[in-house]
Amino acid sequence: MPEPVPAVLDFLLARRSCPARTLTAPVPGRDEIARLITAAARVPDHGKLGPWRFIVLTRPVLDRLAGLVEERGAALEVEDRKVAKAIAQYRDSPLAIAVIFVPGDTERIPLIEQQLSAGAVCMTLLTAAASQGWGTNWLTGWQVYDRDFLRDGLGLADHESVAGVIHIGTPSARPPERPRPDPAALTSWPEA
Ligand SMILES: Cc1cc2nc3c(=O)[nH]c(=O)nc-3n(C[C@H](O)[C@H](O)[C@H](O)COP(=O)(O)O)c2cc1C
């Protein structure tokens with residue numbers, strides 16, 4: 001017989017992201033972060049390649065990244081509005097964890113399946129942190145597709161990329177609801 005855990009489903013049915021700009025201190029401590037990462041790394045992973053790793057971005061690191069975003073935005077002539085948004089993402093965040101996609105053997109496991117596993121890591125990290133009452137937000141932005149930013153800011157090798165930057169903190173405001181998809185419109189039930 002199934003052994004339901006109704007609280008988990010209730011939580012998932014109500015889960016919402018908090019805009020990163022509403023996140024403040026306090027943030028989870030080192031031991032809790034290790035626990036959240038342990039949960040996040042417990043995802044389906046075809047071939048057991050573990051094609052991901054984590055970089056914890058604390059306040060001083062986030063400040064350094066905000067400076068680099070400004071520099072790279074100017075070098076790439078990114079629109080001012082987009083640069084300002086990306087700077088704020090790092091300057092205002094109390095804590096973030098970058099989930100890094102590290103592709104493994106694609107002869108054995110298709111790239112898309114490895115990418116999906118990295119996405120599952122991001123979602124599990126987001127959900128695990130939210131389950132503990134933290135506000136969370138999964139962000140990327142133009143800067144995570146800039147190889148110079150990835151190398152100089154995060155120390156990534158050329159074959160690595162960012163699956164998501166998961167911002168975590170104490171929400172200063174209740175997150176706004178947004179319209180959710182209608183499951184009936186998305187689901188088919190073939191008869192045979
Ligand atoms: C891969 C990925 C990247 C995202 N990057 C951004 C981003 O850079 N900026 C942004 O405003 N939202 C971004 N989002 C959207 C937010 O994370 C989130 O979907 C939105 O705030 C609604 O959240 P909720 O459905 O969890 O409540 C991204 C989502 C995903 C899945």
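Predicted model: local features only at pLDDT ≥ 70, side-chain atom pairs only at ≥ 80, totals over all residues.

Reader: What makes Tyr-90 and Phe-149 a pair, and why is the pair called tilted?

Author: Pairing needs ring centres within 6.5 Å, and the centres of Tyr-90 and Phe-149 are 6.0 Å apart. Planes under 30 degrees apart would be stacked and over 60 edge-to-face; theirs sit at 40 degrees, so the pair is tilted.

Reader: Where in the chain do Tyr-90 and Phe-149 come from, and are they buried or exposed?

Author: Tyr-90 belongs to helix α4 (residues 80–91) and Phe-149 to helix α6 (residues 147–154), so the pair, 59 residues apart, links distant parts of the chain. Both residues are buried, that is, under 20% relative accessible area.

Reader: What lines the largest pocket?

Author: The largest pocket holds about 540 Å³ of space. It has 23 lining residues, and those closest to its centre are Ala-20, Arg-21, Lys-85, Asn-137 and Leu-139. Two elements, α4 and β4 (135–139), each give two or more residues to the lining, with α4 supplying the largest share, six residues. By class, the lining has eight nonpolar, five polar and 10 charged residues.

Reader: Why is the protein called as compact as a globular protein of its length?

Author: The protein has seven helices and five strands. Its radius of gyration is 18 Å, close to the 16 Å the globule rule gives for 192 residues, so the protein is as compact as a globular protein of that length.

Methods. Residues numbered from 1 in each chain as written. Heavy atoms only, no water. Helix = DSSP H or I, 4+ residues; strand = E, 2+ residues; numbered from the N terminus. Buried < 20%, exposed > 50% of the residue type's maximum accessible area, 1.4 Å probe, protein only. 1 Å grid on protein atoms, 1.4 Å probe; cavity = no way out; pocket = protein on both sides within 12 Å on 5 of 7 lines; lining within 4 Å. Points joined across faces, edges and corners; volume = space filled by probe spheres on them. Nonpolar A, V, L, I, M, F, W, Y, C, P; charged D, E, K, R; others polar. Rg over C-alpha atoms; globule rule 2.2 N^0.38 Å.
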